[in-house]
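Me: I'm new to reading protein models and I'd like a close look at just one part. Could you take me through the sheet, and whatever ties in with it?

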Amino acid sequence: MTPRSPKFWSVTSLVAAVLVIIAAVAVTVVLTSEDDAPDTDSAQIIAATQAFYEANAAGDLPALTQVTCARTMATFPGFPEDRARTELRGVAEIVVSGDTATGSVLAVDPARPELDSALMPMIYVNADGWKLCPPTSEE
């Protein structure tokens with residue numbers, strides 16, 4: 001079989017097709033595995049952070065209470081009338097240690113595009129589910 005023969009190209013095409021199928025299956029398995037693991041601490045922390053930003057945007061106090069630690073809620077002044085909708089872009093650098101965790105939240109304020117987005121440190125506690133417990137000025 002030479003590179004110019006029809007049999008060479010049909011075998012080469014077959015091998016290439018098999019490799020593409022194997023790669024597609026591998027990617028599907030990896031993505032499915034990640035989607036099927038919502039009970040990991042990191043996934044729960046990300047979900048709590050998303051719920052926190054949604055509750056803030058909607059002014060939903062009961063929902064905010066579900067994902068915010070008691071220490072923070074004890075000093076919560078209420079929702080400002082002119083609050084801007086801050087959009088969560090991601091949670092990174094999640095480190096879990098027992099019932100506490102740290103992470104960095106990336107959020108942007110669409111009403112103030114001149115401000116650059118930045119990673120904000122966040123503390124989480126696991127008290128009947130992961131809750132955000134923003135650092136205080138003493139921390």
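Reply: Here is a walk through the sheet, strand by strand, and then through the parts around it.

A quick word on the model before we start. It is a predicted model, in which local features need pLDDT of at least 70 and side-chain atom pairs count only at pLDDT 80 or more, while totals for chains, interfaces and linings use all residues. Residues are numbered from 1 along each chain as its sequence is written, and side-chain values use heavy atoms, with hydrogens and water left out.

The chain has four helices and four strands, and along the sequence they come in the pattern α-α-α-α-β-β-β-β. Both kinds of element are DSSP runs numbered from the N terminus: helices are H or I with at least four residues, and strands are E with at least two.

The four strands make an open sheet in the order 1-2-3-4, with antiparallel pairing. Strand 1 and strand 4 are the edge strands, each pairing on one side only. On average, neighbouring strands are turned by 30° against each other, direction ignored. For angles like this, axes are lines fitted to C-alpha atoms (for helices over the stretch in contact), and angles run from 0 to 180 degrees between N-to-C directions. What holds strands together in general? Strands of a sheet pair through backbone hydrogen bonds, either parallel or antiparallel. To count as a pair here, two strands need at least two bridges found by DSSP.

Take the pairs one by one. Strand 1 and strand 2 run antiparallel and share eight bridges; V91, for instance, has V105 in strand 2 as its bridge partner. These two strands form a hairpin with two residues between them, and G98 in the turn has a positive phi of about 70°. Next, strand 2 is joined to strand 3 by eight bridges, again antiparallel, and here A107 stands opposite A118 in strand 3.

Contact here means heavy atoms within 4.5 Å.

Let's zoom in on strand 1, which spans residues 87–97. E87 meets R89 there in a salt bridge between their side chains (3.2 Å, N to O), and the structure holds one salt bridge. The term means a side-chain nitrogen of Lys or Arg within 4 Å of a carboxyl oxygen of Asp or Glu. How open are the two partners? R89 is exposed at 52% relative accessibility, whereas E87 is partly exposed at 29%. The cut-offs are under 20% relative accessible area for buried, over 50% for exposed, and partly exposed in between (1.4 Å probe, protein chains only).

Two backbone spots deserve a look. Most residues other than glycine have a negative phi, and most peptide bonds are trans. You'll find D128 in the loop between strand 3 (118–126) and strand 4 (130–132), where D128 is exposed with a relative accessible area of 82%.

C69 sits in the loop between helix 3 (61–67) and helix 4 (70–74) and C133 in the segment after strand 4, so the pair ties together parts 64 residues apart in sequence. The torsion about the S-S bond is about 65°, so the disulfide is right-handed. Are these cysteines buried or exposed? C69 is buried, at 3%, and C133 is buried as well, at 5%.

To step back to the chain: buried residues make up 19% of its 139 residues. Among contacts with a separation of 6 or more, 41% come from residues 24 or more positions apart.

Conventions. A disulfide is a pair of cysteine sulfur atoms within 2.5 Å.
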